[in-house]
Amino acid sequence: MILQTFIMQDEACTDNRLFYRYEGEVQTQNGKMILQAGACMRSDSYMNLFDLDAWEKYTDINERELLLQIKGRGKIKLFCQSGQETKEIAVVSYDCMKQGGQRLQIEIPKEIKNGSLYFEVEADTQTCLYRAAYATQEPSHREVYLALVICTYHRKEQLERNIRRIRTSGFYTDNSLNGRLMVRIVDNGQELKDEYGEGIRVYGNPNTGGSGGFSRGMDETVREKGSFPATQVILMDDDVEFMAESLYRLYALLSYEREEYRQTPVAGRMFRLDRRQVQYTAAEIWNRGDIRHIGWNQDMTQPENLTDMNENEGAEYGGWWFACYPMEFVEKNRPLPFFLHCDDVEYGLRNGRTPIILNGIQVWHETYEYRQSAVMAYYDTRNALIVNRIYGWCEKEKNLREWKEKISTYHVKGDFLYEQMVILGMLDFLKGRKWFIKLDPLKKHQYLEQKNQGKRWVNVILWRVTVALLQIRLI
């Protein structure tokens, strides 16, 4: 099975340093790499380093090899780097001028189990590298079936761009993968037809927000497990950009996963849309609402950011731009009806396991600062408090101080709409569990969206009501 394919380029990011480094004249075209005589290409990049430490930790693969198909004359060198030390572990010459080139198979010594692998192509003549991949001849240890749930709301163009990428992937064109991926699109806007072909289902759904949409996708996956025996459920936003390779690597990882990790989620990284070589986050640390990010805002073209790129210590959950959960957990658990925000936080905390991260499993997505609105300020306030209450992390004095500071900031700016939303978020939280469970999330959201301005005198009244309620309720 192919474990990790060498990616030469992708439309999601055109910075070659995310994929390879080179000297001399090197270019990619039509899925091939052309090196002119004297050129050298190395795969020591974020996308193409093969992290032995991660694969050794999470899987029980014993035999690995590097496969290449190449035309021309020159040398292939295989290296293992660990910390500041780099060791050459294999050198193989290639000499083939026939169309299609020759197939090379370089075994990786079994004793090499730590560090990261990369290879180098030194071209003596013009060379065409058709493909390269790390693979194993061992049979997979279990059958893996991926249910990809996408919740969408009036983003047809972005969604269909992603559907096209999925339909042209190996899950629909390769016999070894065909039938291993089921896409379930939950359409909260109820505007899409179920006409995308076999393996892609559309479910019209009331606008129950992201949490409600993903819940519906989970419900359908469980209900239809007789016809599609999903082993994992992937939750992915409709407006991301992604590579099919992310799904392939996830599939390979899960196919050889050690028994002790089979109930562990996999978190997909988020890369920035505005600076596409920059990783916004690899996984999340809730930190009682003061969110921290693993590998925050790191330029992944820089070698110093690659050494520990799959280190996940402290991570608590993965965002639902791309997050994968085992079916056993999904069958027994649904997101809380938050409508928007913090549903991924609470769901990940409920799972309780440190999510796996692996280079190449990621999406490009708009970052937090571009997604702010007054309505989001309401959900951020209310839902964060609910999460902390569930897990016993509500600190009355701290929460009250931060809430007042936020209100004061908006008040000084004269932004009375934002101020009102933050007050309402606290007020609704204080109404308690019974109120929340009975709440109609859609009606509440519609009510919030109708507010297009805040009035100072209304905020004064709401403030006094909330403070009065705070006197009789513990946060």
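1. The expected span of a helix is 1.5 Å times one less than its number of residues. In this predicted model, helix α10 covers residues 416-430 and has 15 residues, so it should span 21 Å; its end C-alpha atoms are 21 Å apart, which agrees. As to burial, 15 of the 15 residues of α10 are buried, and the helix is mostly covered. Gly432 follows α10 and has a positive phi, near 90°.

2. The second largest pocket has a volume of about 890 Å³. Its lining consists of 38 residues, of which Ile2, Thr5, Asp174, Glu245 and Tyr248 are the closest to the centre. By residue class, the lining of this pocket divides into 15 nonpolar, 14 polar and 9 charged residues.

3. Which elements supply at least two residues each to the lining of the second largest pocket? They are the strands β1 (2-5), β7 (64-82), β9 (102-108) and β11 (127-135), together with the helices α3 (170-173) and α5 (244-255). Helix α5 gives the most to this lining, with 6 residues.

4. Ile7 is placed in the loop between β1 and β2 (21-23). Its relative accessibility is 11%, and the cut-off for buried is under 20%, so Ile7 counts as buried. Leaving out residues up to four places away in sequence, Ile7 touches Phe19, Met47, Asn48, Glu245 and Arg249. One of these contacts, Glu245, is also among the residues closest to the centre of the second largest pocket. The C-alpha atoms of Ile7 and Lys431 are separated by 52 Å, and the two residues are 424 residues apart along the chain.

5. Arg180 sits in the loop between α3 and β13 (181-187). Two polar partners are found for its side chain: the side chain of Glu143, in a polar contact at 2.6 Å, and the backbone oxygen of Val144, reached at 3.4 Å. Apart from neighbours within four places in sequence, Arg180 is in contact with Glu143, Val144, Tyr145, Leu146, Phe171, Phe228 and Tyr251.

6. Ile150 belongs to strand β12, residues 146-152. With a relative accessible area of 2%, Ile150 is buried. Beyond the residues up to four places away in sequence, Ile150 touches Leu159, Val183, Arg184, Ile185, Val186, Phe214, Met236, Asp237 and Asp238. Ile150 and Tyr22 lie 38 Å apart in space, C-alpha to C-alpha, at a sequence separation of 128 residues.

7. Asp237, one of the residues touched by Ile150, is found in strand β15, residues 232-237. Asp237 is buried, with a relative accessible area of 17%. Where does the side chain of Asp237 make a polar contact? The partner is the side chain of His365, at 3.2 Å. Not counting residues up to four places away in sequence, Asp237 touches Ile150, Phe214, Trp320, Trp321 and His365. Between Asp237 and Phe429, which are 192 residues apart along the chain, the C-alpha separation is 27 Å.

8. The loop between β13 and β14 (200-204) contains Asn188. At a relative accessible area of 4%, Asn188 is buried. Its side chain makes a polar contact with the side chain of Asn205 at 3.0 Å, and a polar atom of that Asn188 side chain lies 3.0 Å from the backbone oxygen of Gly209. Setting aside residues up to four places away in sequence, Asn188 touches Cys151, Thr152, Tyr153, Asn205, Pro206, Asn207, Thr208, Gly209 and Gly213.

9. Gln190 also lies in the loop between β13 and β14. Gln190 is not a glycine, although its phi is positive, at about 50°. This residue counts as exposed because its relative accessibility is 54%, the cut-off for exposed being over 50%.

10. Phe339 is another non-glycine residue with a positive phi, of about 70°. Phe339 lies in the loop between α6 (327-332) and α7 (343-351). At 3% relative accessibility, Phe339 counts as buried, whereas Gln190, at 54%, counts as exposed.

Notes. Residues numbered from 1 in each chain as written. Predicted model: local features only at pLDDT ≥ 70, side-chain atom pairs only at ≥ 80, totals over all residues. Heavy atoms only, no water. 1 Å grid on protein atoms, 1.4 Å probe; cavity = no way out; pocket = protein on both sides within 12 Å on 5 of 7 lines; lining within 4 Å. Points joined across faces, edges and corners; volume = space filled by probe spheres on them. Helix = DSSP H or I, 4+ residues; strand = E, 2+ residues; numbered from the N terminus. Nonpolar A, V, L, I, M, F, W, Y, C, P; charged D, E, K, R; others polar. Polar contact = N/O pair within 3.5 Å; in protein donor to acceptor, adjacent residues only side chain to side chain. Contact = heavy atoms within 4.5 Å. Buried < 20%, exposed > 50% of the residue type's maximum accessible area, 1.4 Å probe, protein only.
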